[in-house]
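Please read the following note with the model open beside you. The points are numbered so that each can be checked in turn.

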Amino acid sequence: MTNLTTSGAYLRGTQILTPTALVPVENLRIGDRVVTRFGGTRVIQWIGRQDFAADDAAQYPVHIRPGALGEKFPARDLYVSPGHSLLVEDRLIMARLLVHGITITQGPVAGAWIEYFNLDLGVHDCVIAEGTWAETYADAPGLRAQFHNAASFTARYPDHPPALELTLCAERPERGSRLNAILRPIVARATEGVTPGRLEGYVERVENHWKVIGWAHEPSNPALPVLLEIRAGDEVLGTVLACDHRVDLEVAGKGSGRCAFSFTAPRRLTPEMLEVLYVRRAADGVALAAAPELPAAPDLLPTQAPHLRLVQ
C-alpha cells in the first residue's frame with residue numbers, strides 16, 4: 001500500500017461538526033455540509049478512504065488528548081494520520097510534528113485495520129474535528145492516488161483537471177523558528193510537573209558569528225523536544241526548542257531524529273562572547289558540551305560548553 005506522507009486523514013469515529021450536529025466522519029456523505037474555518041459551510045464533494053493493517057507502524061494514528069493544544073482544544077480525544085495537519089495559531093502543523101510523547105502520542109489502535117477518511121470540499125479548508133480545527137483534503141499532484149478509492153473520484157468527476165500544485169489555506173511550517181513558536185506552548189503545557197531526564201547532545205558549531213547549531217535529546221522522553229537557553233556568560237541571548245529533524249540523528253537512534261536546533265543570535269557574536277557562549281536546558285540548567293572534535297577552553301565554568309568552532 002502507498003505510504004501516506006503529506007496527505008492526511010481522520011481515523012474512523014472522529015466527530016466532525018456539521019451545521020446541525022456532530023457526525024462521525026465515516027457517516028458523512030457526498031453532498032453533506034460541514035462547518036469550515038474560512039468558507040462558512042461547504043459541501044463535501046468527495047470522501048477519500050484508506051485502510052491499513054493494524055500492525056503498519058508507519059500509519060499509526062497520532063493521538064491528541066483533550067486540551068493538548070490549548071484550553072479545551074481538542075475537546076475530546078482526536079486521532080489523525082501522521083501527515084494530517086491541524087490549525088494551531090493560524091498555522092497548519094502536521095500531526096507527526098506535534099508528537100512529544102506525553103499528551104500527543106503515536107501508536108497502535110484496537111482492531112484489525114486502521115481506517116482513515118478525508119473530506120474533499122473542492123478547496124483546502126479546515127473543519128472542526130472533536131472540537132478543534134483540522135484540515136480537509138488538499139489536492140496536489142499524486143496525492144489523490146494515495147487513497148484506496150481514488151478511482152471513485154475519477155468516475156464521478158471524469159472531466160476534473162489534475163492538480164498542478166499544492167495550495168493550502170494557511171502557512172504550514174515544517175522546521176525552524178515558525179514551527180518552534182507553535183510547539184513551545186504545547187510542549188510547556190505537556191511538561192508541567194515532568195522531571196527532566198538525562199540530557200544528550202552537543203553544540204556543534206557557530207556559523208558566521210550569528211547562528212548556533214547542535215542537537216539535544218532526552219532518552220527517557222525520546223519524542224519530547226528539549227527547550228534550550230543560549231547564554232553568553234550571565235547574559236541570556238534567547239531560547240530555542242530542539243525540534244528540527246535530521247536524518248543522521250534518526251539513524252543514530254535519537255528518537256525520531258527531531259532533536260536538532262539552530263539558534264540565530266539577536267546580535268553578532270563577538271570573539272569575546274564566543275569565549276563564554278554555552279547552551280543549557282532551560283528546565284534545570286544542565287549544559288550541552290561542545291562536539292568532541294572542538295577544542296576545549298579550560299578556563300570556562302564546568303557548566304559551560306567548551307570553546308566553540310566558528311564556521312565562516
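1. For sorting residues by class, Ala, Val, Leu, Ile, Met, Phe, Trp, Tyr, Cys and Pro count as nonpolar, Asp, Glu, Lys and Arg as charged, and the others, Gly among them, as polar. By this scheme, the lining of the second largest cavity has 6 nonpolar, 4 polar and 3 charged residues.

2. Please keep in mind that this is a predicted model, in which local features need pLDDT of at least 70 and side-chain atom pairs count only at pLDDT 80 or more, while totals for chains, interfaces and linings use all residues. Residues are numbered from 1 along each chain as its sequence is written, and side-chain values use heavy atoms, with hydrogens and water left out.

3. The structure holds 2 cavities of 30 Å³ or more, a cavity being a set of points, on a 1 Å grid over the protein atoms alone, where a 1.4 Å probe fits but cannot get out, and its lining residues having an atom within 4 Å of a point.

4. Strands (E, at least two residues) and helices (H or I, at least four) are DSSP runs, numbered from the N terminus. An open sheet of 3 strands has the order S18-S17-S21 with antiparallel pairing, where two strands pair if DSSP finds at least two bridges between them. Its edge strands, each pairing on one side only, are S18 (235-242) and S21 (277-281). Strand S17 (residues 226-232) is joined to S18 by 7 bridges, and Leu228 stands opposite Val240 in S18.

5. A search of the whole structure finds 7 aromatic pairs, meaning rings of Phe, Tyr and Trp (its six-membered ring) with centres within 6.5 Å, where planes under 30 degrees apart count as stacked, over 60 as edge-to-face and the rest as tilted. The pair of Trp46 and Phe153 is edge-to-face, because the ring centres are 5.6 Å apart and the planes lie at 75°. Since Trp46 belongs to strand S6 (residues 46-53) and Phe153 to helix H2 (residues 150-156), the pair ties together parts that are 107 residues apart in sequence.

6. The loop between strand S7 (62-64) and strand S8 (78-80) contains Pro74, which a cis peptide bond joins to Phe73, with omega about -10°. Lys72 is also found in the loop between S7 and S8, and Lys72 has a positive phi of about 65° although it is not a glycine.

Conventions: On a 1 Å grid over the protein atoms alone, a cavity is a set of points where a 1.4 Å probe fits but cannot get out, and a pocket is an open set with protein on both sides within 12 Å along at least five of seven lines; lining residues have an atom within 4 Å of a point. Grid points are joined across faces, edges and corners, and a volume is the space filled by probe spheres set on the points.
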